Amino acid sequence: MTIKKFQGKTEAEATALAKEEFGAGTVIMNVKEIKPKGFLRSFKNSVFEVTAAIEEAEPPHAPMPAATAQAPAPGNINVAIDEPIAIPKPQEVKEVFASVENTWANSMPQEQEAEPKKETAPERSSSNNLEEKLENLQSLLEKKLSQPIEEKKDEIPKDAPIDENLKFVKMIYSILLENEVDEKYVNQIMDEVEKVMKKGASVDYILSSIYQKMILKFGQPQPIKLSEHKPKVVFFVGPTGVGKTTTIAKIASRFKVEKGKKVALYTADTYRIAAAEQLRTYANILDTPLNIVYSSKELNEELEKAQAEEFELILVDTAGFSHKNEEQQGETKELIDQVPEEFDKDVYLVLSATTKYRDLMEIADVYKENFDFKMIFTKLDETSCYGNILNMKLYTGTDLSYTTYGQNVPEDIEIFNTQNIVKLLLGGK
């Protein structure tokens with residue numbers, strides 16, 4: 001893995017420099033705006049710093065056809081589920097981290113060390129050290145892990161306590177399983193961490209390695225991007241009850257109100273009158289047109305009108321249906337396939353974070369047979385387990401885009417926050 005920073009006048013310029021050097025496999029780990037300092041700062045412009053990574057030695061993960069757990073190979077870390085692993089008690093967590101507290105403190109950026117303690121805040125117990133480490137992990141990565149791997153080898157302590165490291169890895173293993181990450185994916189992560197453990201790495205270095213690996217597995221989020229030369233048509237597909245209509249309203253509001261784009265709303269959900277009325281309410285609030293289409297022919301006629309009126313983004317709500325309903329699947333496929341070539345077309349599969357993993361796999365399999373898609377996860381506010389997001393990313397091999405976490409329009413939506421989700425999966429808050 002190679003990690004490097006790039007600077008530019010804009011975020012896009014810095015990102016372009018990273019992709020120019022690293023290529024298509026570039027993963028953007030962090031974006032930071034650096035504001036000018038000093039007496040003349042009001043006359044200077046900010047610059048943007050992008051931390052990018054490329055994993056050259058690791059082959060890309062192919063989509064997994066089944067959810068059957070794979071046992072670790074002989075000689076690997078033995079943390080498979082056939083060995084009972086209890087979630088450590090607070091006192092055990094305290095003992096695990098106590099021996100590395102000084103090492104972690106010394107490795108933190110100077111700004112963190114110099115920060116005065118708040119007199120009104122009670123001292124946090126050592127049982128919360130995992131969360132504290134995760135909160136500060138991004139600063140640590142920027143300071144230590146931006147170096148090439150070869151320059152970091154000498155930083156790994158040679159006399160790290162292997163027993164405590166193994167205990168820590170088992171704790172992380174249990175936390176990931178508690179978050180409903182599929183066991184085979186947890187084993188993949190642990191197999192990669194084993195290489196670090198064999199070098200005698202400290203606990204904080206192991207945690208940083210796990211964090212990096214999971215960031216890379218999620219990849220770069222892919223939200224809606226408008227085309228410079230063609231109107232963009234975006235279809236939202238998925239089962240009933242996952243929040244497609246509300247998600248469309250949130251995205252429409254972001255593009256219309258915040259970005260000043262010309263947006264039109266269409267609905268092909270003619271099975272539920274309430275769905276069209278709900279979208280009409282949002283359209284009236286946004287002062288944007290809503291068209292109801294009953295066939296691919298009608299859709300194309302309306303798209304021609306939208307193109308003539310220079311609409312930049314057309315969002316299409318489709319009928320929610322069971323992934324076992326082949327007739328409605330065919331209707332949706334025809335609707336999407338018949339879009340003329342003079343339009344730029346994207347499909348987003350909307351899934352609920354509360355749906356069981358087995359059902360999510362069946363849904364994805366059906367839609368994957370019909371068209372390529374990116375994924376949106378809704379209802380993150382209704383679950384405390386986020387493992388299915390990682391499961392589906394690795395199972396489908398497709399990109400993540402947005403997450404939603406409530407009914408408020410347009411507030412409760414954001415571009416997929418990789419760093420935050422990884423932190424939650426590792427037990428942080």
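Which residue of β3 stands opposite T2? I54 does.

## Basis of the model

This is a predicted model: local features need pLDDT of at least 70, side-chain atom pairs count only at pLDDT 80 or more, and totals for chains, interfaces and linings use all residues. Residues are numbered from 1 along each chain as its sequence is written, and side-chain values use heavy atoms, with hydrogens and water left out.

## The chain overall

The protein chain has 16 helices and 11 strands. These are DSSP runs, numbered from the N terminus: helices are H or I with at least four residues, strands E with at least two. The chain has 429 residues, and 50% of them count as buried. Buried means under 20% relative accessible area (1.4 Å probe, protein chains only).

The accessible surface is about 21700 Å², computed by the Shrake-Rupley method with a 1.4 Å probe. Carbon and sulfur atoms hold 48% of that surface.

## A three-stranded sheet

Three strands form an open sheet in the order β1-β3-β2, with antiparallel pairing. β1 (2-8) and β2 (27-34) are the edge strands; each has a single partner, so one side of each lacks a neighbour in the sheet. Neighbouring strands are turned by 20° against each other on average, direction ignored. Strands pair if DSSP finds at least two bridges between them. β1 and β3 (residues 47-54) run antiparallel and are joined by seven bridges.

Helix α1 (residues 11-22) packs on this sheet and touches β1, β2 and β3. The direction of α1 makes about 140° with that of β1. Helix α9 (residues 203-218) also packs on the sheet, touching β1, β2 and β3. The direction of α9 makes about 105° with that of β2. Axes are lines fitted to C-alpha atoms, for helices over the stretch in contact, and angles run from 0 to 180 degrees between N-to-C directions.

## Helices α9 and α16

The axes of α9 and α16 (residues 418-425) come within 10 Å and cross at roughly 130°. The two helices are therefore oblique to each other. Oblique covers what is left after under 35 degrees (roughly parallel), over 145 (roughly antiparallel) and 65 to 115 (roughly perpendicular). Y211, M214, I215 and F218 of α9 meet T418, Q419, I421, V422 and L425 of α16.

Six of the eight residues of α16 are buried, so this helix is largely enclosed by the rest of the structure. The six are T418, I421, V422, K423, L424 and L425. Just after α16, G427 takes a positive phi of about 100°.

Definitions and conventions. Contact = heavy atoms within 4.5 Å.
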